[in-house]
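Me: Got a new model open here and could use a hand reading it. Can we go through it together?
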Amino acid sequence: MAFTSFMDTALKEARAAAARGEVPVGAVIVCPKGKVIAQEGNRTRETNDPTAHAEILAIRAACEKLNSERLIGCDLYVTLEPCPMCAGAIAHARIERLYYGASDPKSGGVALGPRVFSHSQCHHVPEVYDGIAEQEAAILLKEFFGAKRG
Ligand SMILES: [Zn+2]
């Protein structure tokens with residue numbers, strides 16, 4: 001089966017998050033049949049919830065949709081390297097493949113920082129593909145934080 005990237009949809013969610021005044025990160029979950037079953041952006045400010053990262057919201061929505069605590073065979077696309085909290089949730093959800101865009105030297109937990117999936121305590125390790133549409137994701141973040149500071 002040909003590879004179809006859903007990063008464009010994740011980037012759309014990231015832009016929508018920026019428009020709401022949230023850190024521009026978007027996430028998409030695709031079921032084994034190749035259909036989008038959840039797409040979310042950050043909502044930590046809107047919901048006063050520090051756990052309302054795009055990945056967490058997408059995992060919650062997808063689990064509700066599939067009526068399961070696990071997302072066996074599902075893929076997750078996210079515009080930024082997941083933080084340790086989200087990486088933990090991805091492992092718990094048994095996500096099959098993780099595709100992410102920009103790396104996150106400040107808060108990343110996959111290739112950087114705690115490297116959650118490399119830890120011996122990690123119960124499930126997804127296949128990880130990084131650098132997908134990295135430029136677009138990084139530019140969004142740079143613009144957002146640049147505008148905040150300026
Ligand atoms: Zn996170």
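Me: Which way do α3 and α4 cross, left-handed or right-handed?
Reply: The crossing of α3 and α4 is left-handed, meaning the near helix is turned anticlockwise from the far one by less than a right angle, with clockwise being right-handed. By the way, this is a predicted model, where local features need pLDDT of at least 70, side-chain atom pairs count only at pLDDT 80 or more, and totals for chains, interfaces and linings use all residues. Residues are numbered from 1 along each chain as its sequence is written.

Me: And what are helices and strands here?
Reply: They're DSSP runs numbered from the N terminus: helices are H or I with at least four residues, strands E with at least two.

Me: Which residues meet between α3 and α4?
Reply: Glu55, Ile56 and Ile59 in α3 meet Cys86, Ala89 and Ile90 in α4; contact means C-beta atoms, placed from the backbone, within 7 Å.

Me: OK, the sheet. What's the strand order?
Reply: β2-β1-β3-β4-β5, in an open sheet of five strands with mixed pairing. Two strands pair if DSSP finds at least two bridges between them.

Me: Which strands are at the edges?
Reply: β2 (36–41) and β5 (127–129), each pairing on one side only.

Me: How many bridges join β1 to β3?
Reply: Four, and the two strands, residues 26–30 and 75–80, run antiparallel. Valine 30 stands opposite aspartate 75 in β3.

Me: What does α3 touch on the sheet?
Reply: α3 packs against β1, β2 and β3.

Technical notes. Two residues are in contact if their C-beta atoms, placed from the backbone, lie within 7 Å. Axes are lines fitted to C-alpha atoms, for helices over the stretch in contact, and angles run from 0 to 180 degrees between N-to-C directions.
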